Amino acid sequence: MNSASLLLIVFAIALAGWFLGRRRALAMAGGDARRLHSLSGHHGQAVFLFAAVPALLVMFVWLFVQPIVTEARIGDAIRANGLFRQISPSLVMSDVRRVAHGLDLMVDRGQIDEKGLAALGADGSELRARLGRVGVAVGGNVGGDVLAAARTLRRDNHRGAVGMAVAVVAVALAGLVWSLSRISVEFRARNVSENFVLTLFFGASLVAVLTTIGIVGSLLFETVHFFRIYPARDFFFSFTWSPQFRGGSDLGIWPLLWGTLYVSLVALILAVPVGLMSAIYLSEYASKPLRAVVKPLLEILAGIPTVVYGLFALMTVGPFLRDMIAEPMGLGSSSSSVMTGGLVMGIMLIPFVSSLSDDIIHAVPQGLRDGSFGLGATQSETVRQVILPAALPGIVGAILLAASRAIGETMIVVMGVGAAARMGLNPFEAMTTITVKIVSQLTGDTEFASPETLVAFALAMALFVFTLGLNVVALVVVRKYREQYE
Amino acid sequence: MSDATGLKIAARDVDVFYGDHHAIKDVSVAIADRTVTAFIGPSGCGKSTFLRCLNRMNDTIDVCRVSGTIELDGEDIYDRRVDPVQLRARVGMVFQKPNPFPKSIFDNVAYGPRIHGLTRSRGELDEVVENALRRAALWDEVKDRLSAPGTGLSGGQQQRLCIARAVATAPEVLLMDEPCSALDPIATAQIEELIDELRGNFSVVIVTHSMQQAARVSQRTAFFHLGDLVEFGETGQIFTNPQDPRTESYITGRIG
C-alpha cells in the first residue's frame, strides 16, 4: 500500500466521521439543532479533525523516521562487513538503495515475482542488465553482499509500510471513536474549530519564520566552512577577484560589492525620481479615468520577468549606449556596462517605486490637502510641503524595497552589465555583481569542498547581511518620522 | 475693508449640483463684515456645501457644479479672472476635523505666511506666528515647544492650531466647518470664545450642528433645510421668533 492510497483512506475515515458526528450531535439534541451549544456542522468538523490530523501527523513522522532507522541498520551491517573497507559506506548505501528500487520496479512490472526474487543469485552482470532494462543504472556488477543488503532494505521498507498503514488507520479510527464519544449537547465543538483555525494560521506564519532561520542557518554553516579553508582577511580586504580552478585563487569581495553598489546606484538614480514623480502625478493630478488605465498598466510593467528586461538591455540599450555615447566619447567599446544594466534595472524599478508610492500618497488623509488648499496653497506647494512629508515614511520604505530588489537582481546584470569583476569609475565599462558571481561559482562542476565554490555561500551571506542592514536602516528612518508626524 | 456693518460676501441665486444631485437650490445670502454668521440645519441640508462654495473649495471635487454669483467685496469669485488659490488666501477655512500638517507647531502656523511671502525676515515671521498663536489662545501652552510636532497636541489644541494657521495667513473672511464637533465641551468653550474675539477683525462664517453654539457665537443665522435656505436673519430673532414653521420645528427639536 503506498502513501497516496493511505491518505485517501484517512480522508475517507475522516469524512465518514464528519457525517457521523453531525448525525450524532443532532440525535443527541433530539433533532432540535437549537439545543446544541455548537452547530451540528461544528461537531462534524471536530470529528473530522480528530480523525484526520493525528493520523496524518503519525504518517508524516513515520515517513520521516523510517528511512533513517532502516538505513542505519543496513549501514551497520555494511560497516561490519570487511569487504567494504575500501569504499565509503555512503557509496555502498546508495548502490543498495538503487538495487532495492530496481527490484521493486521489476516486481511492479511483473518481470519477476517474489519467489523468483528470493531465488535470484548475485550472478553479477546478468542482474545488472535486468536492472538496466527497468531504467536503473548500477555502477558495477552487483555483488552478493549488496544484493543481500538490498533484500533486507526491501523487506524492512515493506514491513515499515505495512506498519505505518496499520498505525495510521488505527490512530484515525481511535480519533474518530474518541471524538464521537465526546459529542454531547453541551460540547463546545465551535471552540474546537476556532482553535484549529488559530493553529492553522499560527503554523502558516511559522513556516516563513522557520524558513528564514533555515536559510540563514545553512548559509552560516557553509560560510564558516569557507572561512576555515580561505582566510577571512583576504575575502574582506582584497581588491582582486580571480578564481583559479587549480587553486591559489584571489577571492576578494570588493570588486563584486563595488559593482553591485554601482549598478544599484545608477538604477535608483533613475527609478526613484521618475517613479516618485509619476506617483505624484497619478495620485494628485491625474483624472480618475486616466488613473484607472495607467495604474494597472504600470503594475503589468512591474510583472514583466527580469530576463525580458535583460534582453532589452542586451539587444537595445547596450548597443545604443555604446554607439551613441561610449564610443564617440572614447569611454569604452563594450555594450555590457554598468550604465546599460543600471538604466534597464532602473526602468524595471520605476513601476515598483511608483506603484508603491502612489498607494502611500493616496492614503494621506484628504483633510491635509483641504487644509493646505484652504490656506491658499497651490497644488504643487501642497504636494511638496504637506503630502510628501506626510507620506515620507512609506516612501522611504518603498525606495528601500526597490534598493533591495536592485541589489538582488541577477538576470539584468548577466545580460547587461557583464561578468568582469573590476573596480572602476567608468560607467561604460563592464563590471559584475555579487549575485552573478554566486551563480557562476555554483553552476558547472560543483564539488562543495573547494573555496572557489564555497565562496558563493560567503557572498550570499554578505548579501544577506547587507540587505538586512538596509532594512534595519529603513526601519529606523521610518520610526523616527513616525514619532515626529503621527 | 468695509465698516462693521458693511457687506462682505453677497451670494445670489446659487445652485450647486453634485452630479445629478441638486444640493443647493437657489440660495441668496448676504454676509456682513466683522460679524459671525452661523449656518444651521439638519445633516445633509447643504450648509457645508454652501460654505465650501464661498472659497471655491468645491473646485477640488470633480463632479461638483456651481451656478449663480458669489461676490466678495463686489467681485465675482467665480469669474474667470479670479485665481482660486489667491481667493483662498483671502477666505481662510477651518475644518471639522483638526488637520495639522505633519510639521512642527511653528511651521504649521508659518505655512501660510511662507507660501504667500507675507514676511520679509525671520524676525517678522516669528512675530506673525506668535501673534497668530496668541489670537488662537494657544501661545501660552506651546511657546516652549514650537518645534514639537503639531500632531502631538490634544484635539482642542490641534483645532486652535488650525485656527492660528488660518489667522496667520491674514484672511478677510474665516470659514469654519463645524470646528467644534470633534472636541470636548471645555475645548469647545475655548474655541467659541476665540470666535467671538476674531469677529473684531474678520467676517466669520460658521457651520454648526449645535443650535446653542449658533445662539452663543453668532449675530446672524441662516437655516438650511434640504438644500433650501429657509430663513436668514438676526440670530436673536431666528431663535425667539422664527417666521417659517420649518425653522420653528427645527429649533424646538421636532425635525433634525
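# Loops and a helix pair in a predicted model

User: Does B:Glu178 count as buried or exposed?

Analyst: The relative accessibility of B:Glu178 is 8%. The model is a predicted one, and the cut-off for burial is under 20% relative accessible area. Because 8% falls under that cut-off, B:Glu178 counts as buried.

User: Where in chain B does B:Glu178 lie?

Analyst: The phi of B:Glu178 is near 45°, a positive value in a residue other than glycine. Most residues other than glycine have a negative phi. As for its place in chain B, B:Glu178 lies in the loop between β7 (173-177) and α7 (185-198).

User: What is the phi of B:Ala137, which is not a glycine?

Analyst: B:Ala137 sits in the loop of chain B between α4 (122-135) and α5 (139-142). With a relative accessibility of 44%, B:Ala137 counts as partly exposed. Its phi is positive, at about 55°.

User: Which residues is A:Ser336 in contact with, leaving aside its neighbours within four places in sequence?

Analyst: A:Ser336 belongs to the loop between α11 (306-326) and α12 of chain A. Its relative accessibility is 18%, so A:Ser336 counts as buried. Leaving aside neighbours within four places in sequence, its contacts are A:Met415, A:Gly416, A:Val417, A:Gly418, A:Glu429 and A:Ala430.

User: At what angle do the axes of α9 and α12 of chain A cross?

Analyst: Two packed helices are described by the angle between their axes and the distance between the axes. Helix α9 covers residues 254-285 of chain A and helix α12 covers residues 338-362, and their axes come within 6 Å. The crossing is right-handed. The crossing angle is roughly 35°.

User: How many nonpolar residues does the contact of α9(A) with α12(A) have?

Analyst: By class, the contact of α9(A) with α12(A) has two charged residues and nine polar ones. The number of nonpolar residues is 22.

User: How far are the C-alpha atoms of A:Thr443 and A:Thr453 separated?

Analyst: A:Thr443 is in the loop between α16 (434-442) and α17 (451-485) of chain A, and at 51% relative accessibility A:Thr443 counts as exposed. A:Thr453 is 10 residues apart from A:Thr443 along the chain. Their C-alpha atoms are separated by 8.9 Å.

Notes: Residues are numbered from 1 along each chain as its sequence is written. Chains are lettered from A and ligands numbered from 1 in the order in which they are written. This is a predicted model: local features need pLDDT of at least 70, side-chain atom pairs count only at pLDDT 80 or more; totals for chains, interfaces and linings use all residues. Side-chain values use heavy atoms; hydrogens and water are left out. Axes are lines fitted to C-alpha atoms, for helices over the stretch in contact, and angles run from 0 to 180 degrees between N-to-C directions. Helices (H or I, at least four residues) and strands (E, at least two) are DSSP runs, numbered from the N terminus. A crossing is left-handed if the near helix is turned anticlockwise from the far one by less than a right angle, and right-handed if clockwise. Ala, Val, Leu, Ile, Met, Phe, Trp, Tyr, Cys and Pro count as nonpolar, Asp, Glu, Lys and Arg as charged, and the others, Gly among them, as polar. Buried means under 20% relative accessible area, exposed over 50%, partly exposed in between (1.4 Å probe, protein chains only). Contact means heavy atoms within 4.5 Å.
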